[in-house]
Amino acid sequence: MALPQSAYKDREFLAVIGDEHVTDPPSSQKNYLVVDAKTELATIEGAFESFTRGRRDIAIVLINQHIADKIRPKVDGYAEAFPAVLEIPSKDHPYDPERDSVMKRVRKLFGE
């Protein structure tokens with residue numbers, strides 16, 4: 001039985017419990033990138049490329065949707081099964097399923 005819409009109205013964040021992983025030297029790569037207003041587009045693109053194509057130890061990439069929008073061609077162009085790329089809301093930007101790359105593929109599969 002589905003819950004009423006009011007049960008979902010305040011649910012807007014994702015919590016992640018995980019470990020920080022830094023690869024062995026000499027590369028010492030982290031498994032995350034913290035993005036703020038000063039983060040350059042090239043840095044975001046570089047992290048996305050590293051996490052999706054350069055590393056074999058990443059299984060899932062969680063990316064805030066408003067950050068994915070900044071590199072939308074790269075996100076939409078990524079079609080590999082691993083790592084899975086999931087767009088999530090942020091504290092200041094609501095999730096829009098119309099912009100989500102995975103949801104776009106699902107709609108395409110169903111001919112919508």
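1. Fold at a glance. Four helices and two strands make up the chain, with helices (H or I, at least four residues) and strands (E, at least two) taken as DSSP runs and numbered from the N terminus. In sequence order the pattern reads α-β-α-α-β-α. Bear in mind that this is a predicted model, in which local features need pLDDT of at least 70 and side-chain atom pairs count only at pLDDT 80 or more, while totals for chains, interfaces and linings use all residues. Residue numbers run from 1 along each chain as its sequence is written, and side-chain values use heavy atoms, with hydrogens and water left out.

2. Overall numbers. The chain has 112 residues, and 22% of them are buried; buried means under 20% relative accessible area, exposed over 50%, and partly exposed in between (1.4 Å probe, protein chains only). The accessible surface is about 8,500 Å², with 57% of that belonging to carbon and sulfur atoms. Those areas come from the Shrake-Rupley method with a 1.4 Å probe, and for residues only the protein chains shown count as cover. As for contacts (heavy atoms within 4.5 Å), of those with a separation of 6 or more, 56% are between residues 24 or more positions apart.

3. The core. A nonpolar core here is a set of buried Ala, Val, Leu, Ile, Met, Phe, Trp, Tyr and Cys residues joined through side-chain atoms within 4.5 Å. The largest one holds 13 residues, and the members touching the most others are Phe-48, Phe-51, Val-61, Ile-63, Ile-71, Val-75 and Val-85. Helix 1 is the top contributor, with four residues. As general background, nonpolar side chains tend to be buried together in soluble globular proteins.

4. Val-85 up close. Which residues does Val-85 contact, leaving aside its neighbours within four places in sequence? The list is Phe-48, Thr-52, Val-61, Ile-63, Tyr-78 and Val-102.

5. Tyr-78 and its ring partner. Tyr-78 sits in the loop between helix 3 (72-77) and strand 2 (84-88), and counts as buried because its relative accessible area is 2%. With neighbours within four places in sequence set aside, Tyr-78 contacts Phe-48, Thr-52, Arg-53, Pro-83, Val-85 and Arg-105. Ser-101 is 23 residues away from Tyr-78 in sequence, with 8.9 Å between the two C-alpha atoms. The structure has one aromatic pair. Phe-48 and Tyr-78 form that pair in an edge-to-face arrangement, 6.0 Å centre to centre with 80° between the planes. For reference, rings of Phe, Tyr and Trp (its six-membered ring) pair if their centres lie within 6.5 Å; planes under 30 degrees apart count as stacked, over 60 as edge-to-face and the rest as tilted. The pair links distant parts of the chain, since Phe-48 is in helix 1 and Tyr-78 is 30 residues apart from it, in the loop between helix 3 and strand 2. Phe-48 is buried too, at 4% relative accessibility.

6. Salt bridges. There are nine in the whole structure, where a salt bridge is a side-chain nitrogen of Lys or Arg within 4 Å of a carboxyl oxygen of Asp or Glu. One of them joins Asp-57 to Arg-55, with the closest N and O atoms 2.9 Å apart. Buried or exposed, where does Arg-55 fall? Arg-55 is buried, its relative accessible area being 4%, whereas Asp-57 is partly exposed at 43%.

7. The network. Asp-69, Arg-72, Asp-76, Glu-87, Asp-96, Arg-99 and Lys-104 are linked through salt bridges. Asp-69 and Arg-72 bridge with closest N and O atoms 2.5 Å apart; Asp-69 is partly exposed at 29% relative accessibility, while Arg-72 is buried at 12%. For Arg-99 and Asp-96 the corresponding separation is 3.7 Å. Arg-99 is partly exposed at 30%, and Asp-96 is partly exposed at 25%.

8. Ile-60, Leu-62, Leu-86, Tyr-95, Val-102, Met-103, Val-106, Leu-109 and Phe-110 make a nonpolar surface patch of about 820 Å². Patches consist of residues with over 30% relative accessible area and no salt bridge, with like charges joined within 9 Å and nonpolar side chains (Val, Leu, Ile, Met, Phe, Trp, Tyr) within 5 Å. Strand 1 and helix 4 (101-109) each give two or more residues, and helix 4 has the largest share, with four. Ile-60 lies in strand 1 and counts as exposed because its relative accessibility is 51%.
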